Amino acid sequence: MSPTMTDRSAETGTVPAETAIVPAETGVADPTADEIALEDAHVAHNYHPLPIVITEAEGAWVTDVTGRRYLDCLAAYSAVNFGHRHPTVVQAAKEQLDKVTLVSRAFHSDQLGTFAAELCALAGKDMMLPMNTGAEAVESGLKVARKWGHDVRGIENPTIIVAAGNFHGRTISIISFSDDPDARAGFGPYTPGFRTVPYGDVAAVEAACDASTVAVLVEPIQGEGGVVIPPADYLPGLRELCDRRRMLLICDEIQSGLGRTGRTFASEHVGVEPDLYLLGKALGGGVVPVSAVVGDADVLGVLHPGQHGSTFGGNPLAAAVGLSVVRMLADGSWQRRATELGAVLGNRLRALVGHGVTDVRCVGLWAGVDIDPTLGTGREVSERLMARGILVKDTHGSTIRLAPPLVVTADELHWAVDQLAEVLADLGRPPVHH
């Protein structure tokens, strides 16, 4: 199913009547506190969520346990690119649930081959390695690069270059080359074999290379870093360097890929094709975790039976859901929608610079907004937006990120930015003393 532009008054800045926030019924007890207390008591405190308890969702909107509705401008960190419960994805899942969900890779299934073939066609590659989560895709990509270094280049102890400010997940190997103290501190000893250099600096990558270097792992746009967009010559420079030194270029497109930035892959914006794509999040359509490493046979072909695997990776349910996502992306309509609506979002956000915002980085429907730290933190802005019916997430102190589902309308984007402008205006007003 292709997306359609259904906005009725894109310049009004108002929310369509049928999607206006619905208040909770009067006289109904608010169960939010009880639900949060129950979660806090029995779930490890590895997140600091906003104080909202979601019970239903559809499209770009979610509903909490009190009946209040919110515009989701996070989309589960891009895992819900096509909106909550997109009918095409849900139908694929329902049909597969009635047939078979899991057989493990001990046997073949009738879904994996088709999913793999069409994902490879979308990426212009030969082969894919199916996994489940984004972190698994990254770990798998690192293993493939090391195996390629051993088998193809004859390197006994391969090293991989990574970028400062990265976020690739939170496994032991990945946090070993993270410079985020929250993710890294206290989890040593750390996995060796990685060298970190500044993001966006090709010369620094080349200076860090030696005879043991087999790959460069990079996000085309750093998501958790605050939607950090590198110089236009960065990825092309890395591609040339990797070709010249016979190294693999690995692009982590787990957040940036599959339509989010207005292209199938963010690396397409600068005409670069990596040796390996790392995919996840949106590949599962917001229904099940699906991830993959996608590359050519001369790289992924280094894997042989027993050397890597996953019980759930490539299961029939995941493959059916992933196939529905790949087919939705095949005609480019979602990518065009993200480009068109991204222009609306970017133009509106950039108009706030100097009015409580110090900088905006926006590509497609993905934006990092730096709030003037004299007004408040990103967390405070997020909480105030939540009170107005907008869900976003803070990162790195004074930055908030917006990544609404691609089904969002221009009306809704205008309304969301209006709410942000009002929050900033409120924060900038002097306190009233009685």
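This is a predicted model: local features need pLDDT of at least 70, side-chain atom pairs count only at pLDDT 80 or more; totals for chains, interfaces and linings use all residues.

Biologist: Is Asp233 buried or exposed?

Modeller: Asp233 is exposed, with a relative accessible area of 55%. Buried means under 20% relative accessible area, exposed means over 50%, and partly exposed is in between, using a 1.4 Å probe and protein chains only. Residues are numbered from 1 along each chain as its sequence is written, and side-chain values use heavy atoms, with hydrogens and water left out.

Biologist: Where is Asp233 found?

Modeller: In the loop between β7 (213-218) and α9 (234-245). Helices (H or I, at least four residues) and strands (E, at least two) are DSSP runs, numbered from the N terminus.

Biologist: And how many Å apart are Asp233 and Leu129 in space?

Modeller: They are 29 Å apart, C-alpha to C-alpha, and 104 residues apart in sequence.

Biologist: OK, what about Asn81, buried or exposed?

Modeller: Asn81 counts as buried, at 0% relative accessibility. Its place is in the loop between α2 (75-78) and α3 (87-97).

Biologist: Which residues is Asn81 in contact with?

Modeller: Leaving aside neighbours within four places in sequence, Asn81 is in contact with Gly257, Leu258, Arg260, Ala282, Pro405, Leu406 and Val407. Contact means heavy atoms within 4.5 Å.

Biologist: Switching to the sheet. What's the strand order?

Modeller: The open sheet has seven strands in the order β4-β10-β9-β8-β7-β5-β6, with mixed pairing. β4 (127-131) and β6 (194-197) stand at the edges with a single partner strand each, so one side of each has no neighbour in the sheet. The twist averages 20° from one strand to the next. Two strands pair if DSSP finds at least two bridges between them.

Biologist: How many bridges join β9 to β10?

Modeller: Four, and β9 (residues 276-279) and β10 (residues 291-295) run antiparallel. Leu279 stands opposite Ala292 in β10.

Biologist: And β7 with β8, parallel or antiparallel?

Modeller: Parallel, over four bridges. The bridge partner of Val216 in β8 is Leu249.

Biologist: Why is β8 largely enclosed?

Modeller: Because five of the five residues of β8 (residues 248-252) are buried. Leu248, Ile250 and Asp252 point one way, while Leu249 and Cys251 point the other way. In a regular strand the side chains alternate between the two faces of the sheet.

Biologist: Now helices. What's the packing angle of α4 and α11?

Modeller: About 30°, with the axes 9 Å apart. That makes α4 roughly parallel to α11. Axes are lines fitted to C-alpha atoms, for helices over the stretch in contact, and angles run from 0 to 180 degrees between N-to-C directions. Angles under 35 degrees count as roughly parallel, over 145 as roughly antiparallel, 65 to 115 as roughly perpendicular and the rest as oblique.

Biologist: Which residues of α4 meet α11?

Modeller: Leu112, Thr114, Phe115, Glu118, Leu119 and Leu122, and in α11 they meet Ala319, Gly322, Leu323, Val326, Arg327 and Leu329.

Biologist: How do α13 and α14 cross?

Modeller: At roughly 120°, and the axes of α13 (residues 378-387) and α14 come within 10 Å. That makes α13 oblique to α14. Glu380, Val381, Arg384 and Leu385 in α13 meet α14 residues including Gln419 and Leu420.

Biologist: Last one: what do the buried residues of α12 pack against?

Modeller: They pack against α11 (316-329), β11 (357-362), β12 (367-371), β15 (399-402) and α14 (410-428). Among those buried residues are Trp334, Arg337 and Leu341.
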